[in-house]
Every structure is written in structure tokens, then in C-alpha cells.
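User: Hi! I am new to reading protein models. Could you show me how to read a few features?

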Amino acid sequence: MTLTLPTPASPLKIGTRGSPLALAQAHETRDRLAAAFDLPAEAFEIVVIKTTGDNQALIAADKPLKTLGGKGLFTKEIEEALLSGGIDIAVHSMKDMPVAQPEGLQLDCYLPREDVRDAFISPALSSIHDLAPGAVVGTSSLRRRAQLLNRRPDLKVVEFRGNVQTRLRKLSEGVAECTFLAMAGLNRLAMADVPATAIETADMLPAVAQGAIGIERRADDSRARDMLAAIHDALTGQRLAAERAFLAALDGSCETPIAGLAELDGPTLRLRGEVLRPDGSEAISDDQTCPVEDGAELGREMAAKLLQQAGPGFFDWKS
């Protein structure tokens, strides 16, 4: 069957959030599709959709993400537009994506992964080890909060929500002495002027799927399926299969601090995982390898192992 390609008169509609980073990811998706099919940029329309997570009042309130509805805050309205036909595909930061998609939607296209590391952001310091005892640090991430308190229980961690620009503004206003972002976001926005120091994964294991862009479509849309297949990065898909299986088997609700990273070395996949108490008082981790094709199975097995290791009292804070 001949693939019916979009045209400027009948463009493929790409749904995205409206933050500078989200738009950069949507433009990268458009450019890769245009190049793959030798189409002009005008054959694509980028549709900005405001999500609950973009509500400025919620951002200003600096409330923890888990109390506001979890990861779905950044996807619900976009997925509704996709299901209704208002857009043809949706571009997401994969670390914001719930582990399960709504019925009728498919997530099986990933772009090449960016730098997975977290970034320490401070105009004067380059590491959490440089912070004075009792220093105030800002983050909206439950995972980063727990990891910081696990390494430095003396620190005072305050909520720090918003996009890259909002967080940098809060830092300049003295709300905290440092904050944390993803290196991937800084790279995609070409923000070389931001005072960022990459944190090695041995010191701070990143969020599951950090640095990866996922593109969602309707399950019955064969045109979108075939077009997205042309830009799918299989290596990123293999890594995320292991990481997201690990997350799903543990707790994909955004209520538990979880970190996970899969890396490839030829036919071998290495998976590292960590789960923590929110106050950082306890952390359990594992590090295993397997054949690449067994990554998802290893993710589930590692999650089961950590749950057993945690014991019945580890999650008592959730009750």
C-alpha cells in the first residue's frame, strides 16, 4: 500500500506542551520526519496543548507533583486530543510518561537518547559536596529529593517547580543555593551559558527514561505508524524497555522515588536500579547485566528483587 504523505495543504499535526523544551522536542521530531520523507517543514503543524501540569498557579505554589496528580498532569490533555483526532501524533519527554497508555494509543517510537545525567545548577558551586551544612536546595523531583537527602541529610530541600527558565529565575532570586535539571534539556535548548555541572550516574542515578523523547500515536493509525517507524531509534527502545518494565513492576505512580538506567555494550544490556524512602533515610539498589533481548524481563526481575529486599516496612510511609 502506498503511504499517503502529509502536505502543506493537509499537514500532519504534532501535539506538544508549550514550554521551550517541549517545543524544541516537537521541532526535532518534525525535522526528522521531514528529512526521512523529503518533505517541507510546512507539511507539519505543531499544535500547542496546555496541560494541567502547565498551570501557572500550580507552578507558583511549588507543590509536590505527587499531590497534584502525578505524571498524568503532563499528558492527559494531549492524549485526549490524540484520541479525538485533534492531533495525529504527540511528542513527550519520556520521563514524564506513565508506564501505561490509554486504550487506543500506542507508544513505540523513540528518538535517539540525549545525555541521561542530572545537572547540578549553581552560579558558584559545582557539587552537592560543596554546599555548606544546612544549605537550601531546590527540586521538584521526588527522586532527586530522596537521593540528595540520602547523600546529605543535613540539606534543606524546598519545592522548585516550573520549566527551565522558571527554575533559573527562582535560583537567581535566592530561593535556593542550587537546583537540578536534566542535562538533556539544557543540551536540547543549547543553554551552554547555564552554570551546570553534569553529575555522573554513579553519584546520582537518573530518572527512568531521562533524556529520551517518545512519540505517541493512535493504535489504528497505519500512516502514523509507518512514518514513525522511519525515525525510531531501536537502541533507545531497547534501553527503555528494560527501564520502564522496572518502573512498572515497582511503582509507576510517581509516589515512590525510583531511579533506573539501562546501557548497552554490544549484545549486553546493563541495568542499574534504585528505590528510596522519600526522606532519603534508606536506599536499596541493584546492578545486573543480561542479553539485550531480555532487558524487559530483567527489569521485572530486578524490581521483584528490590521489593523483596525492601521488606514489609520500607513502604510504610505510603499507608
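Analyst: Happy to! Let's begin with burial: at 0% relative accessibility, Phe180 counts as buried, which means under 20% relative accessible area, with over 50% called exposed and values in between partly exposed (1.4 Å probe, protein chains only). A word on the source: this is a predicted model, where local features need pLDDT of at least 70, side-chain atom pairs count only at pLDDT 80 or more, and totals for chains, interfaces and linings use all residues. Residues are numbered from 1 along each chain as its sequence is written, and side-chain values use heavy atoms, with hydrogens and water left out.

User: How is a pair of aromatic rings described?

Analyst: The distance of the centres and the angle of the planes describe such a pair. Rings of Phe, Tyr and Trp (its six-membered ring) pair if their centres lie within 6.5 Å; planes under 30 degrees apart are stacked, over 60 edge-to-face, and the rest tilted. One aromatic pair is present here. The ring centres of Phe120 and Phe180 are 5.6 Å apart and the planes stand at 75°, so this pair is edge-to-face. Phe120 belongs to strand β5 (residues 118–121) and Phe180 to strand β8 (residues 178–182), 60 residues apart; strands are DSSP runs (E, at least two residues), numbered from the N terminus.

User: Is Phe120 buried or exposed?

Analyst: Phe120 has 1% relative accessibility, so Phe120 counts as buried.

User: Which ring lies under the charged end of Lys170?

Analyst: A charge sits over a ring if NZ of Lys or CZ of Arg is within 6 Å of the ring centre and within 35 degrees of the ring normal. Lys170 has its charged end over the ring of Phe160, 5.8 Å from the centre. Likewise, the charged end of Arg277 sits over the ring of Phe314, 5.4 Å from its centre.

Methods
Helix = DSSP H or I, 4+ residues; strand = E, 2+ residues; numbered from the N terminus.
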